[in-house]
Amino acid sequence: MAAAQISLPLPVLPEGWSAPNDFKAIGTLSTPNQRNLEPVGPHFLAHARRKRHKRTFSEDERIQANENVKKVEEEDGDDISEPENELMLGRDAKDWKGQDHYAVLGLSKYRYRATDAQIKRAHRKKVLRHHPDKRAATGSSEDDSFFKCIQKAFEILTDPVKRRQYDSVDENANVDPPSKKAASKSPSAFYKLWGPVFESEARFSKTQPVPMLGNDKSTKEEVEEFYNFWFNFESWRSFEYQDEDVPDDNENRDQKRHVERKNNNARKKKKTEDTARLRQLVDDCLGGDERIKKFKKEARAGKDKKRLEREAEEKRVAEEAMKAKEEQEKLQKEKEEAEKAEKAEGKKAKEAAKNAAKKNKRVLKGSVKDANYLLPQGQEAGAKRIDEILGDVDAVLGKIDNEELASLAGKLGGLKLADEVGGVWREEVKRLEGEGKLRTGEVRLLSS
């Protein structure tokens, strides 16, 4: 078929266009210098390499890809290097839920402990080895199914939520509990075999750090803390990763709800089974722990010791109580005898005080009589005067105690003159009024 040629004229210049005529130079070029230029850069180096080794483009790319893989492997070392078996390489990428994502990336020995940096390095290493373009360059007939497995594993393990869900059901990270026979072979076998089991289970704990099993040197408090923690273990473990896929289409909503309910019920059942499994595991460990037996033996010995000490103490207390009772009875008898004697003395003293008070009262009443009832000599006191004076004396006697009575009698003893006797009575009345025992004017004749 002949090629058609189409002639297109240049566009017409606008009117008034005068650029060639109006052009003005604003500078000049520098003087040219002669220099030697050397071809450099990755493309020239690739060209020189192909020329030197007489390779084609495809041969050079294939060899370079192999060298890059070898270089990455040397840089990464053996920490994330694991052999790949035929079964793994032949996995179906559609069955991504059934694959071991850590094994796909060569991180089987790290698993949930693998860091983000290790995951990225492992992914880079796998991609360089299994990329479809690289495989095509090497002439491999392997399809890209395993490469898709690598990409899916990287997607799961770099997403915190998805990785947590996968770690929750990663059975390959679990450590099986030892048999009773294996754990009882030697004192150290129990801790050596059971320790990794709880270290593995500790990754599911909501509370961190988790108390570990310890050894035969652990204290009773440490052992009790360990078992109390594990018997009340709070696990974040969930089982969403094993859910049946929920249809995304909006046409079958009933089916979608049915699958969601089915998944929720399955999760609850698995959660219950896992809780029972962990409880049984702790019970088995507790049953074979020699430290518990030792603590119980020590507790029994301590109880026996305390019982003997308690019995001895009870005997000592009983003897002391008997002795104290006898002493108390003796003291009580002595006290009663002393009280009896004191009572007799008190009775005598009371009689003596009573007699003294009577005598002092007679002295007080006799003092006003001897002083002519406080009237001048030669003036006779009438019956009214006598009654009023004696009434005032009785009023004062009612306001003073025996000591004050004795003191007042002592002051009045031997006084005969009306002024002297009256002065003593006035002072006493004044004192009683000052102390508030008598009201002013209540005793009229003795205070005037």
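This is a predicted model: local features need pLDDT of at least 70, side-chain atom pairs count only at pLDDT 80 or more; totals for chains, interfaces and linings use all residues.
Biologist: How many aromatic pairs does a search of the whole structure find, and how is a pair of rings described?

Modeller: A pair of aromatic rings is described by the distance of the centres and the angle of the planes. Rings of Phe, Tyr and Trp (its six-membered ring) pair if their centres lie within 6.5 Å, and planes under 30 degrees apart count as stacked, over 60 as edge-to-face and the rest as tilted. Here the search of the whole structure gives 15 aromatic pairs. One of them joins F229 and W230, edge-to-face, with 5.9 Å from centre to centre and 80° between the planes. Both partners can also be read by accessibility, where buried means under 20% relative accessible area, exposed over 50% and partly exposed in between, for a 1.4 Å probe and protein chains only. F229 is buried at 19%, and W230 is buried at 2%.

Biologist: Which residues do ring pairs link into a cluster?

Modeller: The cluster comprises F190, Y191, W194, F198, F226, Y227, F229, W230, F231 and F233, linked by ring pairs.

Biologist: Where does a charged end sit over a ring?

Modeller: A charge sits over a ring if NZ of Lys or CZ of Arg is within 6 Å of the ring centre and within 35 degrees of the ring normal. The charged end of R113 is placed in this way over the ring of Y112, 5.0 Å from its centre, and that of K97 lies over the ring of Y241, 6.0 Å from its centre.

Biologist: How many salt bridges does the search find, and which parts of the chain does the pair of E84 and R129 link?

Modeller: A salt bridge is a side-chain nitrogen of Lys or Arg within 4 Å of a carboxyl oxygen of Asp or Glu, and a search of the whole structure finds 25 of them. Helices (H or I, at least four residues) are DSSP runs, numbered from the N terminus. E84 and R129 meet through their side chains at 3.5 Å, N to O; this pair links distant parts of the chain, since E84 is in the loop between helix 3 (57–76) and helix 4 (86–89) and R129 is in helix 6 (residues 116–130), 45 residues apart. E84 is partly exposed, at 22% relative accessibility.

Biologist: How many residues apart are R316 and E320 in helix 14?

Modeller: An α-helix has 3.6 residues a turn, so residues three or four places apart point the same way. In helix 14 (residues 290–370), R316 and E320 are four residues apart, about one turn of the helix, and their side chains form a salt bridge of 2.5 Å, N to O. R316 is partly exposed at 35%, as is E320 at 44%. Elsewhere, a network of salt bridges links E171, E201, R237, D274 and R277.

Biologist: Is Y102 buried or exposed, and with which side chain does the side chain of Y102 make a polar contact?

Modeller: Y102, in helix 5 (residues 101–104), is buried at 0% relative accessibility. Contact means heavy atoms within 4.5 Å; leaving aside neighbours within four places in sequence, Y102 is in contact with residues including L107, Y112, L157, R163 and D170. A polar contact is a pair of N or O atoms within 3.5 Å, where within protein one must be able to donate a hydrogen and the other to accept it, and residues adjacent in sequence count only if both atoms are side-chain atoms. The side chain of Y102 makes such a contact with that of R163, at 3.0 Å.

Biologist: Which residues of helix 16 are buried, and which helices do they pack against?

Modeller: In helix 16 (residues 402–412), the buried residues are E404, L405, L408, A409 and L412. They lie on the same side of helix 16 because they cover an arc of only 135° around the axis, the arc being that of the directions from the helix axis to the C-beta atoms. These buried residues pack against helix 14, helix 15 (383–397) and helix 17 (418–434), while the face turned away from the buried side carries the exposed residues E403 and G410. At the N-terminal end, D401 caps helix 16 with a side-chain oxygen 3.3 Å from the backbone nitrogen of E403.

How values were computed:
Residues are numbered from 1 along each chain as its sequence is written. Side-chain values use heavy atoms; hydrogens and water are left out. Helices (H or I, at least four residues) and strands (E, at least two) are DSSP runs, numbered from the N terminus.
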